[in-house]
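Biologist: I am new to this one, and I would like to understand the words you use for it. Could you show me the model, and may I keep asking how you know?

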Amino acid sequence: MAASFHTSNGTGRQSSRSKRPPMSEINITPLVDVMLVLLVIFMITAPMLTVGVPVDLPKTKASSLNEKGEPVTLSLNKDGDLFLQETKITPDDLIAKLNAIMDAKPGTRLFVRGDQGLAYGRVMELMGRLNAAGFNKVALLAELPKTLPSSPNASKKRSKT
């Protein structure tokens, strides 16, 4: 009673299947290749996912807000046109559309972006309209400056020492 582990195909040769031992290692090269491709794709597309209305925001030193979920963004461009996210709307349609959005997602914060070349009164008019309609969670967006200037008090402290 003998057992043979090698199979023969009738010609005296072993089959090609039994020539190779089973693989005991996982080849992660294809996984790494796919992950690197996905990383490049996400790095390219992520900046494109921001609101696409061109607005020249004023500079500020304030810290950024940590917001969960996607906020609703209202934008006023330099011509005074009003945009809800990336869609141009009229001021008359604004409140009805915002009410529909807030009914679907209650507690969503509104962000208002206004071009720095726009008259201050135009932004305040929009803020007043939102407040009168009952929207109290409204924040103004600004752009952080590229280099933060030192405060006047810091220069006085350095000169005294």
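Biologist: How much space lies in the largest cavity?

Modeller: Keep in mind that this is a predicted model. In it, about 40 Å³ of space lies in the largest cavity.

Biologist: What makes that space a cavity and not a pocket?

Modeller: A cavity is a set of points where a 1.4 Å probe fits but cannot get out, whereas a pocket is open. With a cut-off of 30 Å³ or more, the count comes to 1 cavity.

Biologist: How do you know which residues line the largest cavity?

Modeller: A lining residue has an atom within 4 Å of a point. That picks out Leu 82, Pro 91, Leu 94, Arg 122, Glu 125, Leu 126 and Arg 129. Helix H3 (91-104) and helix H4 (120-132) each supply at least two residues of the lining, and H4 gives the most, with 4 residues.

Biologist: Which kinds of residue make up that lining, nonpolar, polar or charged?

Modeller: The lining divides into 4 nonpolar, no polar and 3 charged residues.

Biologist: What makes a group of residues a nonpolar core?

Modeller: The residues must be buried, of nonpolar types such as Leu and Val, and joined through side-chain atoms within 4.5 Å. The largest such core has 17 residues, and among those with the most contacts inside it are Leu 74, Leu 94, Leu 98, Leu 110, Val 112 and Leu 126. Strand S1 (72-76), strand S2 (82-84), H3, strand S4 (110-114) and H4 each supply at least two residues of this core. H4 gives the most to this core, with 4 residues.

Biologist: Which residues is Leu 98 in contact with, leaving aside its neighbours within four places in sequence?

Modeller: Leu 98 is in contact with Val 72, Leu 74, Leu 84, Leu 110, Leu 130 and Phe 135.

Biologist: Why is S4 called largely enclosed by the rest of the structure?

Modeller: Buried means under 20% relative accessible area. Because 5 of the 5 residues of S4 are buried, S4 is largely enclosed by the rest of the structure. Both faces are covered, with Leu 110, Val 112 and Gly 114 buried on one side and Phe 111 and Arg 113 buried on the other.

Biologist: How do you know that S4 pairs with S1 and with strand S5 (residues 138-140)?

Modeller: Pairing asks for at least two bridges. S1 and S4 run parallel and are joined by 5 bridges, so by that definition they pair. Leu 74 stands opposite Val 112 there. S4 and S5 also pair in the parallel sense, over 3 bridges, and Leu 110 stands opposite Val 138 in S5.

Technical notes: Residues numbered from 1 in each chain as written. Predicted model: local features only at pLDDT ≥ 70, side-chain atom pairs only at ≥ 80, totals over all residues. Heavy atoms only, no water. 1 Å grid on protein atoms, 1.4 Å probe; cavity = no way out; pocket = protein on both sides within 12 Å on 5 of 7 lines; lining within 4 Å. Points joined across faces, edges and corners; volume = space filled by probe spheres on them. Nonpolar A, V, L, I, M, F, W, Y, C, P; charged D, E, K, R; others polar. Buried < 20%, exposed > 50% of the residue type's maximum accessible area, 1.4 Å probe, protein only. Contact = heavy atoms within 4.5 Å.
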